[in-house]
Amino acid sequence: MNSSKAGTVKELPVGIDEATEEEYASQSKLLQEFTNISSIDKAWVFKSESGICSQAMFLISQPNLLANKKRKFMLSTSISKGSNNNVNFQWAPFPVEMTGVSITVPSPSGSKLLVIRNPENESPTQFEIWSSSRLEKEFRIPQSTHGSVYADGWFEGISWNSDESLIAYVAEEPSPCKPSFDCQGYKQGAAKDKECMSWKGQGDWEEEWGECYAGKRQPALFSFCAVEEPSLNFPPYHSGKVHAVKGIAESLSVGQVVWAPPVESIDQYLVFVGWSADPRKLGIKYCYNRPCALYAVKVPLYKSEAAESDLNPDGKFIVFLSAKASVDSGVHSATDSLHRIDWPTDGKLCSSTKIIDVIPVVNCAEDGQFPGLYCSSFLSKPWLSDGCTMILSSYWHSCQVILSVNVLSGEVLRISTADSGFSWNVLTLDRDNIIAVCSSPIDVPQIKYGCLVDKATNTTAWHWLNVSSPIFKCSEKVTSLLSHLQFGITQIPVKDVSDCLTKGAAKSFEAIFVSSKVNNAPDPLIVVLHGGPHSVSLSSFSKSLAFLSSLGFSLLIVNYRGSLGFGEEALQSLPGKIGSQDVNDVLTAIDHVIEKGLVNPSKITVLGGSHGGFLTTHLIGQAPDKFVAAAARNPVCNLSSMVATTDIPDWCYVESYGSKGKTIFTEAPSAEHLTHFYSKSPILHISKVKAPTIFLLGAQDLRVPVSGGLQ
């Protein structure tokens, strides 16, 4: 053969021509530019010694697509207020990357910073305590004491006590010994993992909490002493010595621990949430219907001399969110309620301690009124200086808003601006001022600084100032593309109110419509559907959706009935009607924008993940002539097979049967149940599908197993 060639021939993937490859390369580069926009994960504000200005730290993340990880870094700023009611943020010139850091938690006074580094193997967990200028202490906690500290946002809980001498936290319980075998059979004593000619078994099978918790051991409660020299008040504690907190049932998975308000000369309490494994563990991620309770346990080794707490400025009560509506109905997420416990001044707790309702579940609000509380968590320090007003973020229809809540009177006020359609999220408080971010589908996040207009007159009006920040900088190309877009939130009337059993179910739902400002002819449309189904698509900035908009697609982002943010009656109208009510709502929304002339009916595509994938595959089967293409990510395609393999089999029952589903749930479905599940599934309509469809499947997904998508 003649190996010499006049020129090299560019090899292309099969089925892709050079022009297509160049287009892919251009889109890939643009996607990278959108992805590189940073996000703020957390923020903290510290009072300066002078009292004139404040210091703030922002924990920022940026995706590293090639490594499939996030880079995390910290950026500091100094905050000062001028005489003309303006505010100035002096940012540090560069951020500091937090390599290997799992969690950072400032102490109540802001004088110390706890940094935790979880290992990626069987190495010890590293605890560091930093002052303003140096590393003060460093502890290494071996796996024989406990595993990694939980940093998942669910079981996660790390709390300094009020005098900053003790830290309580949630970590994986120590790994049990596993049986080892060699050529002579069972081997006494623990073998090393890499010991030659031996084999280590896995030991007894243990239940886990499903998706995201595979391989994670039971969350347990620990505490350790953070002071250099142990006080006479707690002689068994030594600096860095870890104690497993006693008196907690082994069946409880614990999380979200806080120190209770201290009472002088009385044993101090830890308050935490406990989830029981009875009758068994089901998937818990995004599932607020898992029964749990508040528990208090004494820490008898420590006598408090302090008289303050960071739970509220006066240390008089504890406030907590409840998902009782979700637990009672069986749906994975529902309308929240807020409650208060007045902590006994004598430190004597009893099981009959009165729980006071602050915000009850809202079933159906009047138009323009507070639709109910939708808030999965709140700040560790959410309080204004009056000691009774807390600031939190909540869903309000298709927007996220900032609320002020008076926990004594129950008054709820929407304090973020309501006229723009933007979404707002509170980051932290600077005394009686608020640091927040706001954004829209076409506007990158902007830091806002909120001030009460006139505290002296006790008014409730807030003034919001723009803060110049380097955090959300994006390329000129991205800025230019976004500037040519527009969005609006559209009310979609329910098509057939005669089928509605409640007033809330008959109310309009919403869709967010994103399009080009220059619209000589309608752009191709992508219908975007959220999962859950009891979730919500917010009018906040999404890098992936903004990327699609920038390519020349209009977006119709539908919050069908059953979404969060619209009241409990509207939410509870969907269970038992999946595959019909939600599908019809999406088709109604599409017809609505077609009738307005905003969409070319011959160029409509649809995408969604999880339950959004369920809807995507239902739509291309039930309305095969409506869509020219579809993308389904981890879609629920066949409930009759999913029920036997998912980490949330109860979800299949509740969403297919409605309120009856919780009662009849079994992990041994009858033939009648399986037939009913099949009748609700997209696979029933597979013979009618015409649209080319791309499936994106998670090979290790425990929630919507890959087998359904492959089928």
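Guide: On a 1 Å grid over the protein atoms alone, a cavity is a set of points where a 1.4 Å probe fits but cannot get out, whereas a pocket is an open set with protein on both sides within 12 Å along at least five of seven lines, and lining residues have an atom within 4 Å of a point. Grid points are joined across faces, edges and corners, and a volume is the space filled by probe spheres set on the points. By that rule the largest cavity holds about 50 Å³ of space, and the structure has four cavities of 30 Å³ or more. This is a predicted model, in which local features need pLDDT of at least 70 and side-chain atom pairs count only at pLDDT 80 or more, while totals for chains, interfaces and linings use all residues. Residues are numbered from 1 along each chain as its sequence is written, and side-chain values use heavy atoms, with hydrogens and water left out.

Visitor: What lines the largest cavity?

Guide: Its lining includes Pro635, Cys637, Met642, Val704 and Gly708. Helix H8 (639–642) and helix H12 (706–710) each supply at least two residues of this lining; helices (H or I, at least four residues) and strands (E, at least two) are DSSP runs, numbered from the N terminus.

Visitor: How do you know how many disulfides there are?

Guide: A disulfide is a pair of cysteine sulfur atoms within 2.5 Å, and a search of the whole structure finds zero. For cysteine 375, the nearest cysteine sulfur, that of cysteine 292, is 15 Å away. The sulfur of cysteine 399 lies 11 Å from the closest cysteine sulfur, in cysteine 438, and is therefore too far for a bond.

Visitor: Why is cysteine 375 called buried?

Guide: Buried means under 20% relative accessible area, exposed over 50%, and partly exposed in between (1.4 Å probe, protein chains only). Cysteine 375 has a relative accessible area of 2%, so the residue is buried, and cysteine 399, at 8%, therefore counts as buried too.

Visitor: What makes strands E20 and E22 edge strands?

Guide: Two strands pair if DSSP finds at least two bridges between them, and four bridges join strand E21 (residues 337–342) to E22, which run antiparallel. The open sheet has the order E20-E21-E22. Strand E20 (317–322) and strand E22 (355–359) each have a single partner strand, so one side of each is left without a neighbour in the sheet.
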